[in-house]
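Hi,

Here is the structure I promised to pass on. Have a look at it first, and my notes follow below.

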Amino acid sequence: MNEAGQHSGGRWTRAVLWLAAALLTVAITVLASCPASWMGILLEKQTAGRLTLGDPQGSLWRGSAFVGGAAGKNEPVTPLLPGRFAWQLSPLVLIGRVDLLLENAQALTQPVQVQGSWSEWHVSGSAITLPAERLSGLGAPLNTVQPSGTMQLSWGPLQITRESAAVALVGQTTLALNDVASRMSPVRPLGSYVVKMDWQGLQAGLQLSTVRGPMLLSGSGKFANGRMQFSGKAEAEAGQEDKLANLLNLLGQRRRDGDKNSIALEFK
């Protein structure tokens, strides 16, 4: 190659390198300034549109927002959980490594660390406070009973794996329902209850028990293939039968259980 050709080739090489450097700089700048609203898009996708983020602030990598139900067009997002969630997401997620820290002093007992890949995550143990009023969204009979009180969902270390369209979970979770009340009953509170769930992939065992209270709930069941099967009973503490009769009749079918009346709680 003659000297003119070498100079021409050198100029083209330098031009390509400068162009590549400029494109890389632009890409880094764009990624660094990704708005926090992108996290809402990710949340909506992972929850099939059930949840979204309200009032997102900051960036995709470091931001905050409150969690709400996905609203319709031009409708405000209603907060589902107390406080704002703040997050720190490592840019290594772009190459398949997930490292996420979630904090919310009003809802979480301690920060939650999520680590893993695009398809498998390890979640550190914590607990989150939930409003019992949200149970009404699960449909009948809870939308009629309209329970109130406080709920806390706690968990130890969890392993979550995405399998095609399904999500497999390994670990244990406990739902504590404290001082539950209902507009359908003058007895307040009705009681406090615990639901323990042992997750093994795509299914989980479930156990319901009463901690204290005039309305006694118990039973067991399982989650499998996205459906819940449960068999249990509800009954009134001695001396509270008349006061709880109307509410108990809303929960299921009355049956004779030994020398006492109880309500069958059946979900299939």
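Strand 16 (260-267) is the top contributor to the lining of the second largest pocket, giving four residues. Strands here are DSSP runs of E with at least two residues, helices are runs of H or I with at least four, and both are numbered from the N terminus. Strand 14 and helix 4 (241-251) also supply at least two lining residues each.

Before going on: this is a predicted model, where local features need pLDDT of at least 70 and side-chain atom pairs count only at pLDDT 80 or more, while totals for chains, interfaces and linings use all residues. Residues are numbered from 1 along each chain as its sequence is written, and side-chain values use heavy atoms, without hydrogens or water.

Back to the pocket (an open set of points on a 1 Å grid over the protein atoms alone, with protein on both sides within 12 Å along at least five of seven lines; lining residues have an atom within 4 Å of a point). Its lining includes E235, E241, R254 and K260, and by class there are four nonpolar, two polar and four charged residues.

Strand 14 (residues 227-236) also runs antiparallel to strand 13, joined by 10 bridges; strands pair if DSSP finds at least two bridges between them.

On its other pairing, strand 13 (residues 215-224) meets strand 12 (residues 203-212), antiparallel over six bridges. That hairpin also has two residues between the strands, and G213 takes a positive phi near 130 degrees.

Cheers

Technical notes: On a 1 Å grid over the protein atoms alone, a cavity is a set of points where a 1.4 Å probe fits but cannot get out, and a pocket is an open set with protein on both sides within 12 Å along at least five of seven lines; lining residues have an atom within 4 Å of a point. Ala, Val, Leu, Ile, Met, Phe, Trp, Tyr, Cys and Pro count as nonpolar, Asp, Glu, Lys and Arg as charged, and the others, Gly among them, as polar.
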